[in-house]
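Here are some notes to read with the model open beside you. They go point by point, beginning with the open spaces and ending with a single side chain.

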Amino acid sequence: MARVTLDSIDKIYRSRRGNVHAVKDFSLSISDGEFVSLLGPSGCGKSSTLRMIVGLESVTSGEIRFDDTVVNDMEPQERNVAMAFETYALYPNFTIEENLGFPLEVRGVSKEDRKREVRRIAGLLQIEDVLDQKPGALSGGQQQRVSLGRALIREPAAFILDEVMSHLDAHLKFQMMIELRRIHESLGRTMLFVTHDQMEALALSDRVAVMHEGRLQQFGTRDDLYHAPSNVFVAGFIGEPPTNFFEVQPEDAAGEMTLVTRDGATRFQPSAERMTKIRGRGADSYIVGIRPQNLTRVADGLEKSITAKVLINEYSGERSILTLTSGDAQLQAVTASSDGAGRDEDVELFYHPDDVLVFDAETEDLLV
């Protein structure tokens, strides 16, 4: 096992057409035995980052350390990092037992020891009954488990999973998430999980690193990302349906401040703490964010509310998602599945002031 540290990492791809700065001043510390997800949209730099950790890409500047050892100039095989990819990359003419045991065979491990280790990993992944079969006879979920097993059997210092569930259907993906979490808890290995899917990252990880345009936006627990997103990008990327945003300006009347949309149709009152920050900042405009889950049709002791007109009531079984308009703004709210609000109906949506996120209009950073 290992502590993995990235210190001010940059990656620049150079070509005749110009340079591409794929990773910019990226610093991150993954604790020994921690499960961390690297999350972001396509093109954000997460694949370049993992390839530098493994040694498949050189580092333009900065340091990568495993524990206290700088690994920048080490070859991939010297780093003892195992990878599993979205493509299973299994040998089609080998049995599953042979696929699992191949990394040990390359290292010169005896046949008897290989067999024992293969059985141990197969038991961990619950694939003992397919060891004599070939990959083509297995389901997608079973093939992915074999791919994971082939990486696990090496007993790496760190274990990297690159979009390993992108080809699985919803049911298999749910099963695989349970398997991955169980494997991590059983082995206690350092794991870095690379994905564009926020639900995978939030469900599996001890902490999540969110990337955008080559930069680290926030590194924290799922609660940090959901309840205290560092900026507008994180607030919009984390959560489903995505956060509602409004351009607002402060309005102070009779000692009480509200944040009002430019058309005057919608008013929000944030927490006292954020009001103090707003007064201290003294800016003319801000961005308000509020999650659809934090807008409710049921008052239940909540005193603050906004009024909006229903465009769509999307029933999804366990809940309904309302798409609404308030003045020039469009927003969404998550309500009970029994909500029968119809098109063009005016509804009152209640919220708690603590759930009103306020961001600086220029930097788009959260006011905390």
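**Notes on the pockets, the sheet and one glutamate**

1. Let's begin with the largest pocket: 18 residues line it, and Val 81, Ala 82, Met 83, Phe 85 and Arg 154 are the ones nearest its centre. Its volume is about 380 Å³. A pocket here is an open set of points on a 1 Å grid over the protein atoms alone, with protein on both sides within 12 Å along at least five of seven lines, and lining residues have an atom within 4 Å of a point. Grid points are joined across faces, edges and corners, and a volume is the space filled by probe spheres set on the points.

2. Before going further, please keep in mind that this is a predicted model: local features need pLDDT of at least 70, side-chain atom pairs count only at pLDDT 80 or more, and totals for chains, interfaces and linings use all residues. Residues are numbered from 1 along each chain as its sequence is written, and side-chain values use heavy atoms, with hydrogens and water left out.

3. Which elements build the lining of the largest pocket? Helix H2 (76-79), strand E6 (81-85), helix H3 (96-106) and helix H5 (140-152) each give at least two residues, and E6 provides the largest share, with 5 residues. Helices (H or I, at least four residues) and strands (E, at least two) are DSSP runs, numbered from the N terminus. The lining has 13 nonpolar, 2 polar and 3 charged residues; Ala, Val, Leu, Ile, Met, Phe, Trp, Tyr, Cys and Pro count as nonpolar, Asp, Glu, Lys and Arg as charged, and the others, Gly among them, as polar.

4. The second largest pocket has a volume of about 190 Å³. Lining it are Glu 97, Glu 98, Gly 101, Glu 105, Lys 111, Arg 114, Lys 115 and Val 118. Two or more of these residues come from each of H3 and helix H4 (111-125). By class, 6 are charged, 1 is polar and 1 is nonpolar.

5. There is also 1 cavity of 30 Å³ or more, a cavity being a set of points where a 1.4 Å probe fits but cannot get out. Strand E7 (158-162) and strand E8 (190-195) each give two or more residues to its lining, which counts 8 nonpolar, 1 polar and no charged residues. Among the lining residues are Ile 53, Thr 190 and Met 191.

6. Ile 53 also belongs to the buried set of helix H1. Just after H1, Gly 55 has a positive phi of about 105°.

7. Now the sheet: 4 strands form an open, antiparallel arrangement in the order E2-E1-E4-E5. E2 and strand E5 (69-70) are at the edges with a single partner strand each, so one side of each has no neighbour in the sheet. Strands pair if DSSP finds at least two bridges between them; 7 bridges join strand E1 (residues 4-13) to E2. Leu 6 is opposite Leu 28 in E2.

8. Lastly, is Glu 34 buried or exposed? Glu 34 is buried, at 9% relative accessibility, in the loop between strand E2 (20-30) and strand E3 (35-39). The Glu 34 side chain reaches the backbone nitrogen of Ser 31 at 2.9 Å. Beyond four places in sequence, its contacts (heavy atoms within 4.5 Å) include His 184, Arg 189, Thr 190 and Met 191.

Conventions. Buried < 20%, exposed > 50% of the residue type's maximum accessible area, 1.4 Å probe, protein only. Polar contact = N/O pair within 3.5 Å; in protein donor to acceptor, adjacent residues only side chain to side chain.
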